[in-house]
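I opened a new notebook page for this structure.

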Amino acid sequence: MNSSRSYLVNAMIDWIVDNGCTPHVVLDTSCEGVVAPTEYANDDRLVLNVSGTAVRNFKLDADGLEFDARFNGESRHVSCPTGAIVGIFARENGEGMAFEVQSEEGSTSNDNALDDSEPPKLPSHLRLVKD
């Protein structure tokens, strides 16, 4: 299955904007394929305003995130694989969602090797209720 990250981030951006807030994404600049102004990053995390008034040519799909923005008056192109997006939140209230760093193959950084022959067993959410 394709990663759901780009769908979730797009939905969160819509939700944040619909509520009159400013969407910000958080990128992990240490991920391979990130092209961004890393001089503005703290501890390999770069927070970017992706509102319609702050960026141009915005594109987010399964392949990654891409847009043009101005940083300190200089026009820069930003692009990264979807797995480098580690968060999306509203600037005004901090509401949002965080993600684990994802490798290029699509697995998260702390995935364990699982046997593909059968899905992992989950505990039942059902309980026996007696009168």
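This is a predicted model: local features need pLDDT of at least 70, side-chain atom pairs count only at pLDDT 80 or more; totals for chains, interfaces and linings use all residues.

Entry 1

Entry 2. I looked up the aromatic pairs, and the count came to two. In one of them, Tyr-40 and Phe-71 have ring centres 5.8 Å apart.

Entry 3. Tyr-40 is in the loop between strand S1 (23-28) and strand S2 (45-49), while Phe-71 belongs to strand S4 (residues 64-71). The pair therefore ties together parts that are 31 residues apart in sequence.

Entry 4. I looked up accessibility for both. Tyr-40 is partly exposed at 39% relative accessible area, whereas Phe-71, at 13%, counts as buried.

Entry 5. I turned to the pair of Phe-58 and Phe-67, which is also stacked, with 6.3 Å from centre to centre and 25 degrees between the planes. Phe-58 has 33% relative accessibility and counts as partly exposed. Phe-67 has a relative accessible area of 1% and is buried.

Entry 6. Which strands form the open sheet, and in what order? I found three, ordered S3-S4-S5, with antiparallel pairing. Strand S3 (55-61) and strand S5 (74-80) are the edge strands, each pairing on one side only. Direction ignored, neighbouring strands of this sheet are turned by 15 degrees against each other on average.

Entry 7. For Lys-59, the bridge partner in S4 is Glu-66.

Notes:
Residues are numbered from 1 along each chain as its sequence is written. Side-chain values use heavy atoms; hydrogens and water are left out. Rings of Phe, Tyr and Trp (its six-membered ring) pair if their centres lie within 6.5 Å; planes under 30 degrees apart count as stacked, over 60 as edge-to-face and the rest as tilted. Helices (H or I, at least four residues) and strands (E, at least two) are DSSP runs, numbered from the N terminus. Buried means under 20% relative accessible area, exposed over 50%, partly exposed in between (1.4 Å probe, protein chains only). Two strands pair if DSSP finds at least two bridges between them. Axes are lines fitted to C-alpha atoms, for helices over the stretch in contact, and angles run from 0 to 180 degrees between N-to-C directions.
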